[in-house]
Amino acid sequence: MRPPVRAPERAGRTARSVRAACPAAPGLSGRVVEVGAGNGLNFGHYPAAVTELIAVEPEPHLREHAERAARQTAVPITVVHAVAEELPFPDASFDAAVTSLMLCSVADVPAALVELHRVLRPGGELRFFEHVASPHTAWRTLQRTADATVWPRLSGGCHLARETDGAIESAGFAIERCERFTFRIPPLDPPKTHVLGVARRTQAPGSRPDA
Ligand SMILES: C[S@@+](CC[C@H](N)C(=O)[O-])C[C@H]1O[C@@H](n2cnc3c(N)ncnc32)[C@H](O)[C@@H]1O
């Protein structure tokens, strides 16, 4: 089991501060892909330096909402029907990629990360906001039991006990920043450990970041 990494977990993040911090963190620019964009909640936070946003969303109802949200932003946004495991874009075609509460739900996390790595240009950034396994053994065991039984069926395929930051590194990204904190959406959501960070595409899994 991996120990908690990089930063001690802290409490106190609000939904609004998380939304503002994830994709709109300083420096995001150029051509960006957000995968699993949902209803487009993040769209309003992209800075003007983003010249084009391609938003991937497989679920038709959410995609419809995302298309509506996309019409209300200054940044040009195109909503695309696809899945993370098979992105319909050429190699190295984006400057940055964003995932926000998406890697908990994909069927195949390594395949999704291989695709994110492929479509990012060398040195491109992956910005992620994801919930991950608890650092507390008893709670993590409970999460694993829930993942193996009812939780994914009750929550649209979500898994509670994924080690997503470790998977990001294994896929050939170097994590440059990673904040860990507990966060929940009241009233019913259980408190979960979240990671909010920036990873850079390396040339191959485990190698140094591209220049
Ligand atoms: C919890 S929602 C988060 C939505 C949005 N990113 C947000 O932060 O509000 C999970 C999203 O991941 C999408 N998703 C699930 N499996 C996916 C896959 N294989 N490829 C792309 N998106 C996927 C769902 O359709 C949904 O929009």
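The exercises below, each with a worked solution, concern the structure shown above.

The model is a predicted one, in which local features need pLDDT of at least 70 and side-chain atom pairs count only at pLDDT 80 or more, while totals for chains, interfaces and linings use all residues. Residues are numbered from 1 along each chain as its sequence is written.

**Exercise 1. State how many helices and strands the protein chain has, and in what order they run.**

Step 1. Helices (H or I, at least four residues) and strands (E, at least two) are taken as DSSP runs and numbered from the N terminus. Counted in this way, the protein chain has six helices and seven strands.

Step 2. Read from the N terminus on, the elements follow the order α-β-β-α-β-β-α-β-α-α-α-β-β.

Step 3. Two residues are in contact if their C-beta atoms, placed from the backbone, lie within 7 Å. Among the contacts in the protein chain with a separation of 6 or more, 66% are accounted for by residues 24 or more positions apart.

**Exercise 2. Explain why strand S2 is described as largely enclosed, and find which strands pair with it.**

Step 1. A residue is buried if 20 or more other C-beta atoms lie within 10 Å of its own, exposed if 12 or fewer, and partly exposed in between, with C-beta atoms placed from the backbone. Five of the seven residues of strand S2 (residues 50-56) are buried, so the rest of the structure largely encloses this strand.

Step 2. Two strands pair if DSSP finds at least two bridges between them. Strand S1 (residues 30-35) pairs with S2 in the parallel sense over six bridges, and Val32 stands opposite Leu53 in S2. Four bridges join S2 to strand S3 (residues 77-80), again with a parallel run, and here Leu53 stands opposite Ile77 in S3.

Step 3. Together with helix H2 (residues 60-70), S2 and S3 form a right-handed β-α-β unit. Right-handed here means that, with the strands pointing away from the viewer, the path from the first strand over the helix to the second runs clockwise.

**Exercise 3. Work out which strands pair with S7, and whether S7 is enclosed or open.**

Step 1. Strand S5 (residues 120-132) and S7 pair in the antiparallel sense over eight bridges, with Val132 opposite Thr193 in S7.

Step 2. Strand S6 (residues 173-183) and S7 also run antiparallel and are joined by 10 bridges; the bridge partner of Ala174 in S7 is Arg200.

Step 3. Eight of the 10 residues of strand S7 (residues 192-201) are buried, so S7 is largely enclosed by the rest of the structure.

**Exercise 4. Describe the largest nonpolar core and the elements that supply it.**

Step 1. A nonpolar core is a set of buried Ala, Val, Leu, Ile, Met, Phe, Trp, Tyr and Cys residues joined through C-beta atoms within 7 Å. In soluble globular proteins, nonpolar side chains tend to be buried together.

Step 2. Of the 46 residues in the largest nonpolar core, those that touch the most other members are Val32, Val33, Ala55, Val56, Ala97, Leu116 and Leu126. At least two residues of this core come from each of S1, S2, H2, S3, strand S4 (94-100), helix H3 (109-119), S5 and S7.

Step 3. Apart from neighbours within four places in sequence, Ala55 is in contact with residues including Glu34, Ala66, Ile77 and Val79. In H3, the buried residues include Val109, Leu113 and Leu116, and the buried residues of this helix pack against S1, S4, S5, helix H6 (164-170), S6 and S7.

**Exercise 5. Decide whether Ile168 is buried or exposed, and list residues in contact with it.**

Step 1. Ile168 lies in helix H6, and because 25 other C-beta atoms lie within 10 Å, Ile168 is buried.

Step 2. Leaving aside its neighbours within four places in sequence, Ile168 is in contact with Leu113, Leu126, Phe128, Phe173, Ile175 and Ala199.

Step 3. Ile168 and Val109 are 59 residues apart along the chain, and their C-alpha atoms are separated by 9.0 Å.

**Exercise 6. Explain why Phe183 counts as partly exposed, and locate this residue.**

Step 1. Phe183 has its place in strand S6.

Step 2. Phe183 counts as partly exposed because it has 19 C-beta neighbours inside 10 Å.
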